[in-house]
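Dear colleague,

I am passing on the structure we spoke about, with the sequence alongside it. Please look it over first; my notes on what was found follow below.

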Amino acid sequence: MSTELKNEIENETKNRRTFAIISHPDAGKTTLTEKLLLFGGAIQMAGMVKARGERRRARSDWMKVEQERGISVASSVMTFIHEGVTYNLLDTPGHEDFSEDTYRTLTAVDSAIMVLDCAKGIETQTLKLFEVCRLRDIPVLTFINKMDRDGQDPFSLLEEIESKLALDVTPASWPIGMGRDFKGCYDLLRDDLLLFDRGKGDHLAEGGIDCTGLDDAKLADHLPDFQLEKLREDAEMVRGLCPAFDRQSYLEGHMSPVFFGSAINNFGVRELLRGLHDFAPSPRPQKAVQRDVNPEESKVTGFIFKIQANMDPKHRDRIAFTRICSGNFRKGMKLKHVRTGKALTIHTPHLFLAQSREEAEEAWPGDIIGIGTHGGLRIGDTLSESEDLSFTGLPNFAPELMQRVRSEDPLRAKHLGRALEQLAEEGAARVFKPVMHADWVVGVVGSLQFDVLADRIRTEFSIPVKFEPASLYTARWISCDDAAKLKTFTDGNQSALAYDHDGDPVFLARNAWHLSDAEEKFPAIRFAATK
Ligand code: G4P
């Protein structure tokens, strides 16, 4: 590789941050996203405001999902550039029935921002998502939101994060007052006083007032005595209670710097972005079965972490979201689809510059490109310029809810199989064809997924479908080193046997006993919860 290209890849990699925001619904993820995009100058406020208005009108969960689906392709990946650094923000679906999608998206980021509502602290979904970050050693910055409203005492919030997440915390800023009395924050890392200005939501906040420290006489010009005194006391106490910020510990996922703010008022967002700039890691090496792949390598590699149907239901094409792991991707490039060995020329990739799908000329490690596909590409697939690599780490989930599905129009019945196969390839569901039963069985992780599937099969494939309870407990992929033993098992269990969309055999258990009984009677057979 030329030294020039090598330097360029190194440089572009260094100047990239690929991250996601994790939070419990309603903590302020959407609002924070908008404000971050504002810094990149990449947002049309009007468009966003409209989407929010519609969202407000959405009453049921189902409508929310439908609406989210409508805007989700465009907002799945948002890229913005601020002070020479390219930020790729990967959106994660809000509803917990779609957490599978979220988990996969987290495999494609290098760091995360955890947003908490100051009144609610750590909530169930925050905890779950944080655990995924921990499993993958993803460093987390914390943003405590809604400081313009009354919430919990900041000390108890820090303690809650520390104890519930078993994570060291250190405040990057400290709030002065709260709710009606919220005056702003003191930036403990830079010694700046940040004054809160209500209603500056659509404007970029001014920088802070530079101080020499908490003893600076200037502080008294801006804060009433009692608040200044409290700030000094709090700061002293917090410095005694919390460890000092240690970047290495943050990078290893052991420590989270905590920022306080109010996203809706665009307060504290600049400091958070600066935290992302100064502390968050640039694209990291990615693990493949064969070896670790460094971003600076000259050959392009990437993996698909999400497949999404087009917003327009009349178009059957789908987008495979691919994270570039190494090299300098250029439009028109030929990459090998490692699973099938086929070459794939990527003529019209998409880069996701906030709100509009812009065609990418080139992309660098950490960037996400969207590749149009009519099928063939699957979640977890690796694309590679030369070497046969398989990236690892994409989680697979055991289907926990199972239903049978049938076409209400017998004439369309034979198309149903194809529709289901496509949805299975997208990762939207697990699909099984029972040997002894005419109806397909669909397995999902969250029940709302059934509604979305039914709606998509109706609108995208014009097949009226009906989902019905299957009285099935779970599915297990079966395999055995001894083909004869596998055959004995499958012959004896035809009524519980099905095949998935790859043609691999699956055991459909009626209940927990049915499964454990089979496992006991056939110790040579492996019953895998995921593939
Ligand atoms: P989410 O994506 O995490 O679900 O949260 P979202 O941003 O939609 O915010 C949830 C609610 O919290 C919204 O109110 C939003 O306006 C509000 N919010 C966000 N940040 C702040 C903040 O800093 N302070 C205060 N006081 N509120 C905040 P909503 O009434 O549900 O929606 P909307 O009518 O405002 O759109």
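Please keep in mind that this is a predicted model. A search of the whole structure finds 2 cavities of 30 Å³ or more, and the second largest cavity holds about 30 Å³ of space. The residues that line this second largest cavity are Ser76, Val77, Leu90, Asp91, Thr105, Phe305, Lys306 and Phe321, and by class they comprise 4 nonpolar, 2 polar and 2 charged residues.

Turning to the strands, there is an open sheet of 4 strands, which run in the order β7-β8-β9-β10 with antiparallel pairing. Because β7 (173-176) and β10 (209-210) stand at the edges and each has a single partner strand, one side of each is left without a neighbour in the sheet. Within this sheet, β8 (residues 184-187) and β9 (residues 192-195) are paired in the antiparallel sense over 4 bridges, and Gly184 stands opposite Leu195 in β9.

Two loop residues also deserve a careful look at the backbone. Asp137, which lies in the loop between α6 (124-135) and β5 (140-145), has a positive phi of about 55° although it is not a glycine; Asp137 is partly exposed, with a relative accessible area of 45%. Asn266, in the loop between β11 (255-260) and α11 (269-278), likewise has a positive phi, near 55°, in a residue other than glycine, but Asn266 is buried, because its relative accessible area of 1% is under the 20% cut-off.

Note on methods:
Residues numbered from 1 in each chain as written. Predicted model: local features only at pLDDT ≥ 70, side-chain atom pairs only at ≥ 80, totals over all residues. Heavy atoms only, no water. 1 Å grid on protein atoms, 1.4 Å probe; cavity = no way out; pocket = protein on both sides within 12 Å on 5 of 7 lines; lining within 4 Å. Points joined across faces, edges and corners; volume = space filled by probe spheres on them. Nonpolar A, V, L, I, M, F, W, Y, C, P; charged D, E, K, R; others polar. Pairing = 2+ DSSP bridges. Buried < 20%, exposed > 50% of the residue type's maximum accessible area, 1.4 Å probe, protein only.
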